[in-house]
Amino acid sequence: MFYDQAFTLCYYSELLWQKSIVEGNGGNLSLKLDNNLFMTTPTLHSKNGLNEKDLVIVDSLGNQLYGDNRVTSELFAHLAIYKNNPDVGGVIHSHPPYTCSYAFSTSIPSVPLSAESVIWMEDLILAPYNMPGSQEFFDQIESLSRGRYVLALQNHGLIAWGKDLKEAFWRTEVVEAHCKISHIMESRGATPRHFTYKQMTQLSDLRNRFLKE
Ligand SMILES: [Zn+2]
């Protein structure tokens, strides 16, 4: 049952761990099976070496329908995103080190400086801290997820989504690369060279074409 989707979920879980984007039992991933059915990684498991038997299937209210492991409480943040954005097919919550180095402070570099960051990073913002797993946290994710695809979470990490898990993973990678490059530039005292209005318009058009495909 849902073998391909389970393979995809385990594949991106492993990739996140291999790239040191998650650590310990941190992070969680989910994908949409249909409008009322979601597959997700279990709580208190490393993202390294998961297999289909480890995964959990829930309905849109978070009721567990399949799986011996317990579902993560942070799944409700994923469900808030799916509820708000019907086109979304995959969500990844992670703790990428360079992104976290900004998210653990008071600001995050939000101005895109490459074509990839215009296309995949959107308007990155830092959501003020709320206790993970609290209703305030889920309400915040629900309201801030409208019209965007990534959110940095203060003193917590990153959450990214897309039409499938591949898009959510690309966004996670691009935000982390952007934060890493920003950190290197700051440490060199380099002056960022911003896109002109015309260049931004061209790249935004490109992004809109990509997202429609
Ligand atoms: Zn978390």
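Q: Which residues of helix 5 are buried?
A: This is a predicted model. In helix 5, the buried residues are F137, F138 and I141. The label takes 20 or more other C-beta atoms within 10 Å of a residue's own.

Q: What makes the buried residues of helix 5 line one face?
A: Look down the helix axis. The buried residues of helix 5 fall within an arc of 95°, so they line one face. The general rule is that an α-helix has 3.6 residues a turn, so residues three or four places apart point the same way.

Q: Which exposed residues does helix 5 carry on the face turned away from its buried side?
A: They are Q135, E136, D139 and S143.

Q: What covers the buried residues of helix 5?
A: The cover includes helix 2 (75-84) and strand 8.

Q: What makes strand 6, helix 5 and strand 7 a right-handed β-α-β unit?
A: Point the strands away from you. A path from the first strand over the helix to the second that runs clockwise is right-handed. Strand 6, helix 5 (residues 135-144) and strand 7 make such a unit. Strand 6 (residues 126-127) and strand 7 also pair, in the parallel sense, over two bridges. Pairing takes at least two bridges, so these strands qualify. A127 stands opposite L153 in strand 7.

Q: How do you know that strand 7 and strand 8 pair?
A: They share four bridges, in the antiparallel sense. The cut-off is at least two, so the pair counts.

Q: Which way do the residues of strand 7 point?
A: V150 and A152 point one way, L151 and L153 the other. All are buried. In a regular strand, side chains alternate between the two faces of the sheet.

Q: What does the secondary structure of the whole chain come to?
A: The chain has seven helices and eight strands.

Q: Why is the chain called as compact as a globular protein of its length?
A: Its radius of gyration is 17 Å, close to the 17 Å that the globule rule gives for 213 residues, so the label holds. Buried residues make up 39% of the chain.

Technical notes:
Residues are numbered from 1 along each chain as its sequence is written. This is a predicted model: local features need pLDDT of at least 70, side-chain atom pairs count only at pLDDT 80 or more; totals for chains, interfaces and linings use all residues. The radius of gyration is taken over C-alpha atoms; the globule rule is 2.2 Å times the number of residues to the power 0.38. A residue is buried if 20 or more other C-beta atoms lie within 10 Å of its own, exposed if 12 or fewer, and partly exposed in between; C-beta atoms are placed from the backbone. The arc is that of the directions from the helix axis to the C-beta atoms. Two residues are in contact if their C-beta atoms, placed from the backbone, lie within 7 Å.
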